[in-house]
Structures are given as structure tokens and as C-alpha cells.
Amino acid sequence: MPVNEYEHLLVRNYYTDGGDMRDYNSLRVYNDRTESVTVLTAEVAGKWAVGYQLFFANGRHAERLPNLEYGYCRSEREALLWFLGYCKMWKQYFTADTMQAIEHKMHDLAQSSLFT
């Protein structure tokens, strides 16, 4: 089974009463006429939750508002890296162009920590 190289960034505390967060930031990682990847992030009490909007080339889609139910990250950057690493685990479901955009964004986010 594939492994998320950023799995260590997710704190696995499960909140059953967290609920969906409707005030969130969105980062469009890739968008064309066949496929789209948008990562949603929201902060609550210093914890960053992740959601997503995915539209696949085969016509399927998946979406989820940010929620603390499955865990949280300590920063927005870590939340983005964790989710993009998760997408990379399932690369067989994405087009090559989408995977290239995901890997490029992961590289940008990882490199940004060296200079900030």
C-alpha cells in the first residue's frame, strides 16, 4: 500500500463534535476542463483541518468540508502538504498533468519552509 510521506504532520485526535467548518481558505492546485483539485483549509483554536473538492477525468467527484473528525495539523502549510501527500498515494486515479501539478505544489510548499 502507498504511504503518505507527510503522514507525520497529521495529529490523530478524533473530534466527534467538530462539525464541518464553513469559513475556510481554498487553494486550487490544478484546474482544467477534465480534472480539478482544490484543497480547503480552516483553522479552529490553532488547529488546521483539511477538506477538498476533487473532480476526476472519469466524471466522478469527491468533496468534503474541512473537519477535525480525522485529525488536524499544526499549520496551514502542514495541512496542505499532508493532503497533497495523500493525493499522491492515489495517483492512479489522477491524470499525469494533475499529478505533475500536485508534485509541483508539494515541492513549493516544502521549499517555502527553508526561507521563512
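A nonpolar core is a set of buried Ala, Val, Leu, Ile, Met, Phe, Trp, Tyr and Cys residues joined through side-chain atoms within 4.5 Å. In this predicted model, the largest such core has 23 residues. Val39, Phe83, Leu84 and Ile102 have the most contacts inside it. Strands β2 (36-44) and β3 and helices α1 and α2 (96-115) each supply at least two residues of this core. The largest share, seven residues, comes from α1. In soluble globular proteins, nonpolar side chains tend to be buried together.

Leu84 shows how the contacts run. Leaving aside residues up to four places away in sequence, Leu84 touches Val29, Val39, Ile102, Lys105, Met106 and Leu109.

Aromatic rings were examined next. A pair of aromatic rings is described by the distance of the centres and the angle of the planes. Six aromatic pairs are found in a search of the whole structure. One of them joins Tyr52 and Phe83. Their ring centres lie 5.3 Å apart and their planes meet at 10°, so the pair is stacked. This pair links distant parts of the chain. Tyr52 belongs to strand β3 (residues 47-55), Phe83 to helix α1 (residues 76-89), and 31 residues separate them. Phe83 has a relative accessible area of 3%, so this residue is buried.

Trp82 and Tyr86 form another pair. Here the centres are 5.7 Å apart and the planes are at 20°. The angle is under 30 degrees, and this pair is therefore stacked too. Both residues lie in helix α1, four residues apart, which is about one turn of the helix. Their exposure can be compared with the 20% cut-off for burial. Trp82 is buried, at a relative accessible area of 13%. Tyr86 counts as partly exposed, at 36% relative accessibility. Ring pairs link Tyr52, Trp82, Phe83 and Tyr86 into a cluster.

Two further side chains were examined. The charged end of Lys47 sits over the ring of Tyr72, 5.2 Å from the ring centre. Asn67 is found in strand β4 (residues 61-67). Its relative accessibility is 8%, so Asn67 counts as buried. The Asn67 side chain reaches the backbone nitrogen of Glu69 at 2.6 Å.

Methods
Residues numbered from 1 in each chain as written. Predicted model: local features only at pLDDT ≥ 70, side-chain atom pairs only at ≥ 80, totals over all residues. Heavy atoms only, no water. Phe/Tyr/Trp six-rings, centres within 6.5 Å; stacked < 30°, edge-to-face > 60°. Buried < 20%, exposed > 50% of the residue type's maximum accessible area, 1.4 Å probe, protein only. Lys NZ or Arg CZ within 6 Å of the ring centre and 35° of its normal. Contact = heavy atoms within 4.5 Å. Polar contact = N/O pair within 3.5 Å; in protein donor to acceptor, adjacent residues only side chain to side chain.
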